[in-house]
Amino acid sequence: MADFDFEKRSFLTRLWPKRLSVSFGLIGRMGLGLLLLIALYIPVGMLWVHTIDDDTTVTPTEVPAGGSRAVAMAATLIERETITHRWTANDPFFLPGWWLDNMPEFQTGIIEALGRFSTEMMDQIGRNRGSSQADPDLSKAVDLLKSAPDIWLFDFTTSWAPTTSSDAKYRSAAKALRNYNQRLGQGQALFERRGDNLIALLDRITSDLGSASAVLDKQILAGREVFIDRRADNVFYGVKGRLYAYYLILRELGVDYQQLLRDREAFNAWTQMLESLHEASLLDPLIVMNGATDGLFAANHLATQGFYLLRARTQLREVSEILIR
């Protein structure tokens with residue numbers, strides 16, 4: 001009996017290191033798999049999240065009878081970029097969107113253009129002359145669209161307490177724009193279809209495009225000082241987002257002001273301006289290059305974008321001049 005117990009203990013002693021070895025081997029494989037998963041999380045997540053949605057066939061949703069198609073388009077774009085797609089400009093470092101640059105720049109460019117449009121709606125089109133009170137929903141939308149695009153659940157530069165994220169504020173702005181449109185359809189809000197209101201809005205957009213052209217020019221000059229311009233794509237997609245949003249807003253604004261444009265014989269000039277913005281919106285090179293403007297081997301996509309931008313800007317001025325007559 002004693003011999004049997006001794007042999008049994010010897011057998012278990014010999015077996016234990018094998019079991020220990022199997023356990024450590026399993027843990028090692030699991031750890032390696034976890035490291036591999038972490039290594040793939042960022043690049044695969046970036047590919048999954050990355051979306052430059054420059055679909056120019058998109059149409060505004062939830063347009064009430066008697067409402068503005070341009071206002072509905074602004075709300076549609078905000079909801080698309082913050083709900084349908086992921087708002088990436090405020091992603092923290094542990095999310096794949098933080099590692100993207102072109103998509104956040106594109107989305108931010110869209111919001112900047114919509115913020116400008118909403119401001120002019122509040123100051124010009126959505127009120128009776130300049131002496132009347134600003135529409136409350138338009139005022140709310142303007143304030144919310146002024147919010148910085150990179151605020152996450154926390155903004156430690158101002159407080160350690162949780163705060164409202166950028167995309168949540170933008171969604172609230174879209175809701176305010178839709179509320180205004182609903183009230184407009186019910187006759188409880190204003191949408192002045194006078195020529196001077198439209199001219200004022202076009203002048204503000206023209207000025208904004210002038211600022212965008214200055215940004216392009218500055219980056220083109222900066223690109224001459226480096227071998228590889230790593231900021232060229234950021235600038236390109238920021239301006240692209242702005243041009244894309246202006247194209248869609250002005251396209252729908254042409255429907256809102258169709259009768260005025262036809263009465264003033266400005267419809268053809270308006271159509272030509274939209275064509276230039278449309279071409280600028282669709283520019284999407286595989287690699288954004290900032291080569292010499294007269295170079296033989298390297299293209300300069302910023303200069304190409306600037307050409308369409310300035311052409312659209314000139315045509316906007318032509319439309320304004322026609323409307324003044």
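**Stop 1: the nonpolar patch**

Select F93, F94, W98 and W99. Together they make a nonpolar surface patch of about 490 Å². Keep in mind that this is a predicted model.

W98 is found in the loop between α2 (69-84) and α3 (102-125). Buried or partly exposed? W98 has a relative accessible area of 44%, so it counts as partly exposed.

Ring pairs link F93, F94 and W152 into a cluster.

**Stop 2: the whole fold**

Zoom out and colour by secondary structure. The protein has 10 helices and zero strands. Follow the chain along its sequence and the pattern reads α-α-α-α-α-α-α-α-α-α. Then colour by burial. Of the 325 residues in the protein, 49% are buried.

**Stop 3: aromatic pairs**

How many aromatic pairs does a search of the whole structure find? The search finds seven. W87 lies in the loop between α2 and α3, while Y170 lies in helix α5 (residues 166-185), so the pair ties together parts that are 83 residues apart in sequence. Both W87 and Y170 are buried.

Next, select F307 and Y308. Here the ring centres are 5.1 Å apart and the planes are at 70°, so F307 and Y308 are also an edge-to-face pair. F307 is partly exposed, with a relative accessible area of 46%. Y308 is buried, at 19%. Why does Y308 count as buried? Buried means under 20% relative accessible area, and Y308 has 19%.

Stay with rings for one more view. Select R262 and F267. The charged end of R262 sits over the ring of F267, 4.0 Å from the ring centre.

**Stop 4: salt bridges**

Side chains of opposite charge can pair when their charged atoms come close. A search of the whole structure finds 17 salt bridges.

Select R80 and D53. They form a salt bridge, with the closest N and O atoms 3.4 Å apart. R80 lies in helix α2 and D53 in the loop between α1 (2-49) and α2, so the pair ties together parts that are 27 residues apart in sequence. R80 is buried, and D53 is buried too.

Move to K240 and D54. Their salt bridge has its closest N and O atoms 2.9 Å apart. Which parts does this pair tie together? K240 lies in helix α7 (residues 232-256) and D54 in the loop between α1 and α2, so the pair joins parts that are 186 residues apart in sequence. K240 is buried, at 0% relative accessibility. D54 is buried as well, with a relative accessible area of 16%.

Salt bridges that share partners join D53, R80 and E81 into one network.

One more bridge: select E192 and R194. Their side chains meet in a salt bridge of 3.1 Å, N to O. E192 is buried, with a relative accessible area of 16%.

**Stop 5: around D208**

Select D208 and show its side chain. D208 sits in helix α6 (residues 195-223). D208 is buried, with a relative accessible area of 13%. Which side chain makes a 3.1 Å polar contact with the side chain of D208? The partner is R242. A polar contact of 2.5 Å joins the side chains of D208 and Y246.

**Stop 6**

Finish at N179. N179 is found in helix α5. Return for a moment to Y170, which lies in that helix too. N179 counts as partly exposed, at 33% relative accessibility.

Conventions: Residues are numbered from 1 along each chain as its sequence is written. This is a predicted model: local features need pLDDT of at least 70, side-chain atom pairs count only at pLDDT 80 or more; totals for chains, interfaces and linings use all residues. Side-chain values use heavy atoms; hydrogens and water are left out. Patches are made of residues with over 30% relative accessible area and no salt bridge: like charges are joined within 9 Å, nonpolar side chains (Val, Leu, Ile, Met, Phe, Trp, Tyr) within 5 Å. Accessible areas come from the Shrake-Rupley method with a 1.4 Å probe; for residues, only the protein chains shown count as cover. A salt bridge is a side-chain nitrogen of Lys or Arg within 4 Å of a carboxyl oxygen of Asp or Glu. Helices (H or I, at least four residues) and strands (E, at least two) are DSSP runs, numbered from the N terminus. Buried means under 20% relative accessible area, exposed over 50%, partly exposed in between (1.4 Å probe, protein chains only). Rings of Phe, Tyr and Trp (its six-membered ring) pair if their centres lie within 6.5 Å; planes under 30 degrees apart count as stacked, over 60 as edge-to-face and the rest as tilted. A charge sits over a ring if NZ of Lys or CZ of Arg is within 6 Å of the ring centre and within 35 degrees of the ring normal. A polar contact is a pair of N or O atoms within 3.5 Å; within protein, one must be able to donate a hydrogen and the other to accept it, and residues adjacent in sequence count only if both atoms are side-chain atoms.
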